[in-house]
Structures are given as C-alpha cells and as structure tokens.
Amino acid sequence: MGEDSPSVESFIHSELDSVPHLEALLLLWRNAPNGWSAAQIAAHLYISQGQGAAIGEDLHRRGLIARDGGGSFFYDPSREELNGLLEAVDKTYRRDLIRISGIIHSKASPGVRAFADAFRLRKDKS
C-alpha cells in the first residue's frame with residue numbers, strides 16, 4: 001500500500017473526528033503494546049484529561065484501540081489488518097500535516113456525525 005493510497009484519506013475521513021484523535025491513535029500505535037492512561041494521553045497531546053478520556057473512548061468504541069482492566073488504552077500490535085494502514089497514515093501525516101489536518105477539519109462536526117451514525121444504525125436494524 002503506497003503512502004498516498006486513497007485508503008489513507010478514506011480511513012482518516014471515516015474514522016477520525018479530530019487531529020487529536022489522529023495523534024492519539026498514532027501515539028498508541030508507535031508505543032504499542034504499552035498502555036497509556038487518559039491523563040498521559042492528554043499530557044502528551046496538550047489537551048485536558050477529559051478530552052484525553054473522550055478521545056480514548058471514541059477510538060476504543062471504533063475498534064481502533066483496546067482498553068485494559070485498569071482503564072489504560074493501548075494499540076494491539078497483532079492487528080495486522082491495521083498495521084500497514086497506520087504506517088502509511090503516519091508517514092503521510094508526517095510528510096503532509098497541513099493537507100491531512102485539512103481533511104479532518106473539512107468534515108462535519110462530530111455532533112453532526114454522531115447524529116447521522118445513530119440514524120444509520122437505527123435504519124440498518126429495521
């Protein structure tokens with residue numbers, strides 16, 4: 001998979017709500033399998049502990065990271081289906097931070113997306 005693969009942009013657009021979501025995911029991926037608390041994520045990303053916890057929960061809910069019994073978040077390196085994609089995302093983000101940030105910022109707000117996701121889930125269950 002090339003660094004500029006459309007799947008990188010598609011993944012970012014469909015799975016990540018903010019630049020801190022992207023940076024938290026890459027932080028956990030780079031440091032796998034070490035666990036990080038919400039406070040540690042927040043301190044590393046210069047965001048509040050509440051934001052760190054919310055981002056960890058969002059990424060966990062999407063199945064991108066795991067959480068241990070103590071509440072730490074971590075990336076499971078045995079997830080081979082994601083490893084190559086995250087490597088490409090990491091390289092692309094390092095090389096083209098402004099473009100990747102723009103993709104994230106051009107999306108609808110997380111609240112609008114959550115509403116749409118809830119509708120889609122309800123519709124799919126019919």
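Ser18 lies in the loop that links helix α1 (residues 6–15) to helix α2 (residues 19–30); helices here are DSSP runs of H or I with at least four residues, strands are runs of E with at least two, and both are numbered from the N terminus. The model is a predicted one, in which local features need pLDDT of at least 70 and side-chain atom pairs count only at pLDDT 80 or more, while totals for chains, interfaces and linings use all residues. Residues are numbered from 1 along each chain as its sequence is written, and side-chain values use heavy atoms, leaving out hydrogens and water.

With a relative accessible area of 19%, Ser18 is buried, a term that means under 20% relative accessible area, against over 50% for exposed and in between for partly exposed (1.4 Å probe, protein chains only). The side chains of Ser18 and His21 are joined by a polar contact of 2.5 Å. Such a contact is a pair of N or O atoms within 3.5 Å; within protein, one must be able to donate a hydrogen and the other to accept it, and residues adjacent in sequence count only if both atoms are side-chain atoms.

Helix α5 comes next. Its 16 residues, 80–95, should span 22 Å at 1.5 Å a residue, and the end C-alpha atoms are 23 Å apart, which agrees; the expected span is 1.5 Å times one less than the number of residues. Among the buried residues of α5 are Leu82, Val89, Asp90 and Tyr93. The cover over the buried residues of α5 includes α1, α2 and α6 (97–105).

Two packed helices are described by the angle between their axes and the distance between the axes. For α1 and α5, the angle is about 90° and the axes are 10 Å apart, so α1 is roughly perpendicular to α5, a label for angles of 65 to 115 degrees. On the α1 side, Ser7, Val8, Phe11 and Ile12 make the contact, where contact means heavy atoms within 4.5 Å.

In soluble globular proteins, nonpolar side chains tend to be buried together. The largest nonpolar core here has 33 residues, and those touching the most other members include Phe11, Leu22 and Val89; a core is a set of buried Ala, Val, Leu, Ile, Met, Phe, Trp, Tyr and Cys residues joined through side-chain atoms within 4.5 Å. Helix α2 gives the largest share of this core, eight residues. Leaving aside neighbours within four places in sequence, Leu22 is in contact with Leu16, Val89, Tyr93, Ile100 and Ile104.

Key:
Axes are lines fitted to C-alpha atoms, for helices over the stretch in contact, and angles run from 0 to 180 degrees between N-to-C directions. Angles under 35 degrees count as roughly parallel, over 145 as roughly antiparallel, 65 to 115 as roughly perpendicular and the rest as oblique.
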